[in-house]
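Please lead me through the structure shown below, from its overall make-up to individual residues and the pairs they form.

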Amino acid sequence: MPAYRLDSVAPSLTARIGAATPGGARRFAFAAARLACGVAGVHDRTALDVARGGLSAGPGMDELVRLWELERRLDAACDQGLDPDAAYPDAATLRLHDECAEAKAVASVIAALKPDAHDAARESAYEAWAAGCEPAALDALAAHLGAADADASS
C-alpha cells in the first residue's frame, strides 16, 4: 500500500515533493490548486482568491468556512449525479461530472492549507489529479518550482 495516495498515481511526483524545501512544497501546493481550479472550471471567488493568494493572503476563518461549505455542496451535487448502486467511483468517473471535478479542485485548495507543507503539496496534487489534472502537468509544475528553489538558495 502506498504511503501517500499520490504514490498510486504519480510516485515520481511524490518523491519530488519529498525532496523539496518546505517553501517549495508550499508553493507547489498552491500552484497545483490553481491548476486544478482552472482545469475543473471553478469560478467561486473565495476558492480562486485562496488558491492565488496562498498563505501570504492569510485566509480567514470566514474564507475557510466558505471553502468547506462549497466543497460540501459540490460533493452533494456530485453524489446526485452518480449511480447510487455503483461502488465508490474512480477518478475517471468523477471527472465526467462537472460538480465532482469542481469538488476535487476545491479540495485541492483546502489541502494546500494543511499545516505541513509537504503533506499539503502531496494532498493538493492528489486532489488536483482527481479534478482532472494530468500527472505530467503536475510533474512539470513541480520541476519548475524545484528550479525556483535552486535559484533562491544560490
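A residue is called buried when its relative accessible area is under 20%, exposed when this is over 50%, and partly exposed in between, with a 1.4 Å probe and protein chains only. The model is a predicted one, in which local features need pLDDT of at least 70 and side-chain atom pairs count only at pLDDT 80 or more, while totals for chains, interfaces and linings use all residues. Residues are numbered from 1 along each chain as its sequence is written, and side-chain values use heavy atoms, with hydrogens and water left out.

The chain contains eight helices and zero strands; these elements are DSSP runs numbered from the N terminus, a helix being H or I over at least four residues and a strand being E over at least two. Of its 154 residues, 43% count as buried. Contact is taken to mean heavy atoms within 4.5 Å. Among contacts with a separation of 6 or more, 70% come from residues 24 or more positions apart. The accessible surface of the chain amounts to about 8,000 Å², and carbon and sulfur atoms hold 55% of that surface; such areas come from the Shrake-Rupley method with a 1.4 Å probe, and for residues only the protein chains shown count as cover.

The interior may be taken next. A nonpolar core is a set of buried Ala, Val, Leu, Ile, Met, Phe, Trp, Tyr and Cys residues joined through side-chain atoms within 4.5 Å. The largest such core has 41 residues, and Leu 13, Phe 28 and Leu 138 have the most contacts inside it. Two or more residues are given to this core by each of α1 (11-19), α2 (22-40), α3 (45-53), α4 (61-81), α6 (98-112), α7 (117-131) and α8 (135-153).

Helix α6 is mostly covered, with twelve of its 15 residues buried. Among the buried residues of α6 are Cys 100, Val 106, Val 109 and Ile 110. The cover over the buried residues of α6 includes α2, α3, α4, α5 (91-95) and α7. The expected span of a helix is 1.5 Å times one less than its number of residues. For the 15 residues of α6 this gives 21 Å, and the end C-alpha atoms of α6 are 21 Å apart, which agrees.

Which residues does His 118 touch, not counting those up to four places away in sequence? They are Ile 17, Gly 18, Ala 20, Thr 21, Pro 22 and Ala 25. His 118 itself lies in helix α7 and counts as buried because its relative accessibility is 15%.

Leu 48, in helix α3, is also buried, at 17% relative accessibility. With neighbours within four places in sequence left aside, Leu 48 is in contact with Cys 37, Val 42 and His 43.

A salt bridge is a side-chain nitrogen of Lys or Arg within 4 Å of a carboxyl oxygen of Asp or Glu. By this rule there are six salt bridges. One of them joins Asp 139 and Arg 16, with 3.2 Å from N to O. This pair links distant parts of the chain, as Asp 139 is in helix α8 and Arg 16 is in helix α1, 123 residues apart. Both side chains belong to partly exposed residues, Asp 139 having a relative accessible area of 21% and Arg 16 one of 36%.

Lys 104 and Glu 127 form another salt bridge, at 3.4 Å from N to O. Here Lys 104 of helix α6 is linked to Glu 127 of helix α7, 23 residues apart. Lys 104 counts as buried at 16% relative accessibility, and Glu 127 is buried at 8%.

Within helix α3, Asp 49 and Arg 52 are three residues apart, about one turn of the helix. Their closest N and O atoms are 3.6 Å apart in a salt bridge. An α-helix has 3.6 residues a turn, so residues three or four places apart point the same way. Arg 45 joins Asp 49 and Arg 52 in a network of salt bridges.
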